[in-house]
Amino acid sequence: MLLIIKGLKLRERFIVTHKIRSIDPYPMKIKGLCTMIIVTNRIKVKKGMGAAMAPRFTAPGPLDSTKGIVKVEVLLTQNLPDYDELSVNTYWESQEDFAAWRNSDDFAQAHKRPEPGSEGAHKESPVLGSELITYEVASTKEIAK
């Protein structure tokens with residue numbers, strides 16, 4: 001897999017299959033072999049709300065400076081008749097880094113519901129349900145063009 005981390009130049013990228021080396025660009029050195037994971041939060045939302053909600057997951061915030069986060073992407077499932085579905089994929093250097101994020105105060109704050117009686121409490125949530133799925137990157141191939 002060709003892994004681009006924090007603006008590394010083309011010649012500084014490492015190609016590794018089946019496992020990905022964790023790279024710290026400040027200074028440039030290899031920390032060691034670790035297993036990259038992708039965590040997908042598959043979220044069902046009310047029809048018509050998916051495109052409006054997607055940018056919230058990639059807006060600047062505390063996740064940007066969290067140890068081990070590589071990237072975030074949001075996919076919108078096409079052609080569903082009854083609801084919209086977002087797949088929020090977060091790429092992590094390790095399971096431990098993701099677990100640290102899940103247990104952090106920043107995570108709790110980002111997922112906090114409005115307090116009863118507050119301005120946002122009376123609004124109905126567009127979220128119908130969600131499912132968290134974790135994948136280990138087992139093999140990749142990037143096509144050079």
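Predicted model: local features only at pLDDT ≥ 70, side-chain atom pairs only at ≥ 80, totals over all residues.
Phe98 is in contact with Ile37, Val39, Trp92 and Leu132, once its neighbours within four places in sequence are left aside. Phe98 has its place in helix α2. With a relative accessible area of 8%, Phe98 falls below the 20% limit and is therefore buried.

The chain has 145 residues, and 29% of them count as buried. Its accessible surface comes to about 10,100 Å², with 53% of that area belonging to carbon and sulfur atoms.

The largest pocket may be considered next. About 1,400 Å³ of space lies in this pocket, and 41 residues line it. Those nearest the centre of the pocket are Asn41, Ile43, Phe57, Ala110 and His111. Which elements give two or more residues to the lining? They are the strands β3 (37-46), β4 (69-76), β5 (83-92) and β6 (127-136), together with the helices α2 (95-102) and α3 (105-110). Helix α2, where Phe98 is placed, is thus among the elements that contribute to this lining.

Aromatic rings provide a second theme. A pair of aromatic rings is described by the distance of the centres and the angle of the planes. In this model the count comes to two aromatic pairs. One of them joins Trp101 and Phe107, whose ring centres are 5.6 Å apart and whose planes stand at 90°. Because an angle over 60 degrees counts as edge-to-face, the pair of Trp101 and Phe107 is assigned to that class. Both of these residues are buried.

Is Asn79 buried or exposed? Asn79 has a relative accessible area of 77%, so it counts as exposed. This residue lies in the loop between β4 and β5. Most residues other than glycine have a negative phi. Asn79, however, has a positive phi, near 65°.

Ala51 is placed in helix α1, which spans residues 50-53. Ala51 is exposed because its relative accessible area, 53%, is over the 50% limit. Ala51 and Asp84 are 33 residues apart in sequence, and their C-alpha atoms are 8.5 Å apart in space. Pro55 lies in the loop between α1 and β4. Its relative accessible area of 47% lies between the limits of 20% and 50%, so Pro55 is classed as partly exposed. Along the chain, 19 residues separate Pro55 from Val74, whereas their C-alpha atoms are separated by 8.1 Å.

Notes
Residues numbered from 1 in each chain as written. Heavy atoms only, no water. Phe/Tyr/Trp six-rings, centres within 6.5 Å; stacked < 30°, edge-to-face > 60°. Buried < 20%, exposed > 50% of the residue type's maximum accessible area, 1.4 Å probe, protein only. Areas by Shrake-Rupley, 256 points an atom, 1.4 Å probe, with all protein chains shown as cover. 1 Å grid on protein atoms, 1.4 Å probe; cavity = no way out; pocket = protein on both sides within 12 Å on 5 of 7 lines; lining within 4 Å. Points joined across faces, edges and corners; volume = space filled by probe spheres on them. Helix = DSSP H or I, 4+ residues; strand = E, 2+ residues; numbered from the N terminus. Contact = heavy atoms within 4.5 Å.
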